[in-house]
Amino acid sequence: MIQESIERPPEAVPKGPFINSGSAGNLERGRHDLAAEHSNAIADDESRGPAAEGVSGSGNGAPEGARSQPRTGGQSAQADPKPVGSFVRRTLGAVGPTLVLLGFAAVFYFGHSNDWRIPKFASVIGTATPESDDWCADHSVPASICVECNTGLMPPDEDFGWCNLHGVHNCVLDHPELAEANTLPSAEQLQDDRRRAETALAMSVRQENNSRCTLYQNRIQFASIQSVEQAGVDIGLVQRDQIIEAVRGNGELVYDPTRTATIAARVPGSVSAVEKNIGDFVRKGELLALVDATAVGKIKSELMRALAEEVLQQKNVTRLEDTRGAVAGARIIEAEAAFAKARAGVLNAEQAIRNLGLPIDAGNFRGMNEQQAIEKLRLLGIPKTYQANIDDLTASTNLLPVVAPMSGTIVDRSVNLGEVVDPTMRLFEIADTSRMWLNLSLPLESIDKLSVGQEIRFTPDGSGRVIEATLDWISTGADQHTRMIDVRATLDNSDGRLRDRTFGTGKVILRDAADATAVPADATHWEGCCNVVFVRDKQYFSSPESPKVFHVRSVRLGATYQGKTEVIAGLLPGEVIAVEGSDVLRAQLLKNGLGAGCCVEE
Ligand SMILES: [Zn+2]
Ligand SMILES: [Zn+2]
Ligand SMILES: [Zn+2]
């Protein structure tokens, strides 16, 4: 129990009236039950017994076990390792048998003198004057201590009403003095809390409380601390906790497609050499394979013929010009036209070779003899480092080198030596694996919360590893079929640990609040128009007579993360709220008609 650890050290358990009266109450009940077992005369009283107990426990959930336990150990019904319980239990254990005997005597005397009628439980436990009609039926506590009926006992705090900024009533962010905590956050912390609330409210649509709701004005009182415990109300401290708000979706890791290349042979042919394999790292221009393609030989021959034709036509022009005067001008013009045509033929052949991906400058071939030109054309495009591997005598002029268009790793190879290939076949795929794309599909409704620069955390399927990235692209439209929005992050993979086509789940971090105010998720209740929590009064332990009161507080809820719900506004760290068994408080709220505000009208 947090209450002892934070407010009441176990060794300091007082022997105050509320302890004594509680044990007296249980003892009395024990005596009464024992008497009932031994006397038919009080049979009609037995039927009133549970009612009396119900009254004592604020009508709710006095543990069933309390009556089924051995009578002498009635206290053990509170099988709860609380120091209070164990103290009483130890005491009772020691003096139990004596007490039982005394109990018989007392019950006999008591019953006799009361005409075998049991008084109201509240009067027995001593929290009230021992008149049997000291009971406030409206508020389920002894009338003499009822804070609602005796306004002087606990005057309500000033009512600041609705806070438009934070959407709660009696806003503790703006009026921290209203908080039921003995130590309040510092002014700087409150400033941080208000800033955090602003961010959280601006980020997305949060469930709204009804400003006209009056639930927050209610207080639920218990007759004693024991009544609270018997009702099963467990409390927890409002604390600071990390709340992460994120948009989640499925995703895939792929090689950066702007840095991948698919390689095919540009003309049909048969593969005469394969130089690289999957996984090999290649540099731009490096030879991957050689394809023997007749089309290549044909285009090279075309260039040779065009070059020869160009030489011939040029000679013709020169010759005619030398004999100017002896020939008609028309013949010179004719020859010049033929020369220009031959030149164009060279250019055409040059372009055709370039279209095969081979680097060539036809100008370099002018002035070469035929043998030199053929040799040069034969090895055209084949990297110098590889040229030595080619057998001068047997190699054809048909060789088309397939080279890497970019540096990267060969991630796919679908070609074998001797295979006949054509331009539609993919021979190799090269990827720059040092960069990858993370593609995530996110719900369309999250689009307003997304922005470039947000952090993404991605967990590949079957891996505990979390990959962090930065959102750098958001699609401008939704997917036609899935109605999802695609977003992307670019990842560094220079260590090569990421794998292509890895599926997994990712989340875009919208907000990571390290010091949010958080409570267990089931401590809050939607009451039809307001989210409420039950806050324990700060005077709860100040004295045995101090009213045992829980205040109803409207709260504005944020995200839920790992079982904790963020309270954007409505609670301050250090306050104590009902965590478990708060259904009892809700029931009390309804039963007493306290919630006769907007929530229960319809
Ligand atoms: Zn009352
Ligand atoms: Zn406020
Ligand atoms: Zn309401």
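**Close-up views of a predicted model**

View 1. Glycine 269 stands opposite valine 421 in strand 12. The model is predicted. Strand 7 spans residues 269-274 and pairs with strand 12 over two bridges, in the antiparallel sense. Both strands belong to an open sheet of four, ordered 10-9-7-12. Pairing in this sheet is antiparallel. Its edge strands are strand 10 and strand 12 (420-421), and each pairs on one side only.

View 2. Strand 6 meets strand 13 (residues 428-431) through four bridges, antiparallel in sense. Threonine 260 has alanine 431 of strand 13 as its bridge partner.

**View 3. Helix 9 and what covers its buried residues.** Helix 9 runs over residues 294-322, 29 residues in total. From first C-alpha to last, helix 9 reaches 42 Å, close to the 42 Å expected at 1.5 Å a residue. Which residues of helix 9 are buried? They are Val296, Ile299, Lys300, Leu303, Ala306, Leu307, Glu310 and Gln313. An α-helix has 3.6 residues a turn, so residues three or four places apart point the same way. The cover over the buried residues of helix 9 includes helix 10 (329-354), helix 11 (370-378) and strand 10 (399-403). Strand 10 is also an edge strand of the sheet in View 1.

**View 4. Asparagine 439 and its contacts.** Asparagine 439 sits in strand 14, residues 435-443. Is asparagine 439 buried or partly exposed? It counts as partly exposed, because it has 18 C-beta neighbours inside 10 Å, whereas a buried residue needs 20 or more. Leaving aside residues up to four places away in sequence, asparagine 439 touches Gly251, Glu252, Val254, Asp486 and Arg488. Valine 254 is 185 residues from asparagine 439 in sequence. In space, their C-alpha atoms are 7.8 Å apart.

**View 5. Confidence along the chain.** Mean pLDDT for the chain is 79, with 76% of residues at 70 or more. Residues 1-88 stay under 50. For that stretch the model has 132 contacts beyond four places in sequence. Residues 117-131 also have pLDDT below 50. This stretch has 55 contacts in the model beyond near neighbours in sequence.

Notes. Residues are numbered from 1 along each chain as its sequence is written. Chains are lettered from A and ligands numbered from 1 in the order in which they are written. This is a predicted model: local features need pLDDT of at least 70, side-chain atom pairs count only at pLDDT 80 or more; totals for chains, interfaces and linings use all residues. The expected span of a helix is 1.5 Å times one less than its number of residues. A residue is buried if 20 or more other C-beta atoms lie within 10 Å of its own, exposed if 12 or fewer, and partly exposed in between; C-beta atoms are placed from the backbone. Two residues are in contact if their C-beta atoms, placed from the backbone, lie within 7 Å. Two strands pair if DSSP finds at least two bridges between them. pLDDT is the predictor's confidence in each residue, from 0 to 100.
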